[in-house]
Amino acid sequence: MNRRFAGAVTASIALAGAAGAAALAAPASASGAGAPTAVPARVQGEVDFTGIVALSNCSGSLVRGPRSHDSDEALVLTNGHCLESGMPKPGQVIVDRPSERTFTLLDRTGRSSLGTLKATRVEYSTMTDTDVTVYRLDESYGTIRKRYGVPALRLSTARPHDGTDIRVVSGYWKAVYACKTDATVYRLREAGWTWKDSIRYTPQCRTIHGTSGSPVIDARTRHVVAINNTGNDDGERCTLNNPCEVDREGNVTVRHGTHYAQQTYLLARCLGRGNDVVLDRSCALPRP
């Protein structure tokens, strides 16, 4: 998993502009990957840090589904492998587990904290077929917007097309990566986990440890279409931090330095009234 262990890094991040872009100067991550190089939102002028949160070891976002209401208790989205109790095992699905995890809500520039959000439970978490954790908060969308002036990001119910212009927004690193979706991967395998229909980025999005859980935002619609989760660090075949691609015939391809995300349209379609993840026959997410 490419971004689980960044909690060991303690550093401040400075913006440094160059040639219309900027680099985030910071020490290497715990795994030895380089510091993030990304275009700050203040330069891009489009997608910023609105709705973005930072976790102790990962990134995340305040999200809502197509049937969410302002009075609903809000949801935070991050990766399954960012779960505070440890990475879910292959085949494991966690629902309705109490949680007191906290999240730092960022301002639109990513430079300042607006406040702390608190979870009451893990609504849903798994690393089977996808890599996602959904936390339920103790405040509604309406309350959060009134207090902080921050709306939630909307989850798209549609798959992103290959070639979609995207932004990967990391609350942990306060960085925005700009690239396109390169292709949809039939199966992505890493250690004992397998993910379906993963998104491969074009090379410009070289996400690093700490960017796990970052929302992947369609630059045109500004809806969340995926969640950043891994990359092949060392060129190894299907090992931890070195995912491999598997096609329909079972052929394995290793792409050293390539990074990936998991689509979120299935989650959006499974969110029912009251923001519950409804695991009925119409929901294609894995069940406990």
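1. Let's start with charged pairs: the structure holds 17 salt bridges, where a salt bridge is a side-chain nitrogen of Lys or Arg within 4 Å of a carboxyl oxygen of Asp or Glu. As background, side chains of opposite charge can pair when their charged atoms come close.

2. Before going on, a word on what you are looking at. This is a predicted model, in which local features need pLDDT of at least 70 and side-chain atom pairs count only at pLDDT 80 or more, while totals for chains, interfaces and linings use all residues. Residues are numbered from 1 along each chain as its sequence is written, and side-chain values use heavy atoms, with hydrogens and water left out.

3. Now the whole chain. The protein chain has 3 helices and 18 strands; helices (H or I, at least four residues) and strands (E, at least two) are DSSP runs, numbered from the N terminus. Of its 288 residues, 55% count as buried. Here buried means under 20% relative accessible area, exposed means over 50%, and partly exposed lies in between (1.4 Å probe, protein chains only). The protein chain exposes about 11,900 Å², and carbon and sulfur atoms supply 46% of that area; the areas come from the Shrake-Rupley method with a 1.4 Å probe, and for residues only the protein chains shown count as cover.

4. Next, look at strand β5, residues 73-78. It is mostly covered, with 5 of its 6 residues buried. Strand β4 (residues 59-64) pairs with β5 in the antiparallel sense over 3 bridges, and Val63 has Leu75 in β5 as its bridge partner. Strand β9 (residues 132-140) also pairs with β5 in the antiparallel sense, over 5 bridges; there, Val76 stands opposite Tyr135 of β9. For two strands to pair, DSSP must find at least two bridges between them.

5. Which residue forms a salt bridge with Glu73? The partner is Arg136, and the closest N and O atoms are 3.3 Å apart. Because Glu73 lies in strand β5 and Arg136 in strand β9, this pair ties together parts that are 63 residues apart in sequence. Glu73 is partly exposed at 36% relative accessible area, whereas Arg136 counts as buried at 3%.

6. Arg136 has another partner to find. Its side chain meets that of Asp276 in a salt bridge (3.0 Å, N to O). Arg136 lies in strand β9 and Asp276 in the segment after α3 (265-270), so the pair ties together parts that are 140 residues apart in sequence. Asp276 counts as partly exposed at 32% relative accessibility. Glu73, Arg136 and Asp276 are among the residues linked in a network of salt bridges, which also includes Asp96, Arg121 and Glu123.

7. Asp182 and Arg200 also form a salt bridge, with their closest N and O atoms 3.0 Å apart. This pair links distant parts of the chain, 18 residues apart: Asp182 is in strand β12 (residues 175-190) and Arg200 in strand β13 (residues 193-201). Asp182 is partly exposed at 36% relative accessibility, while Arg200 is buried at 11%.

8. Finally, is Ile52 buried or exposed? Ile52 counts as buried because its relative accessibility is 0%. It sits in strand β3 (residues 52-54).
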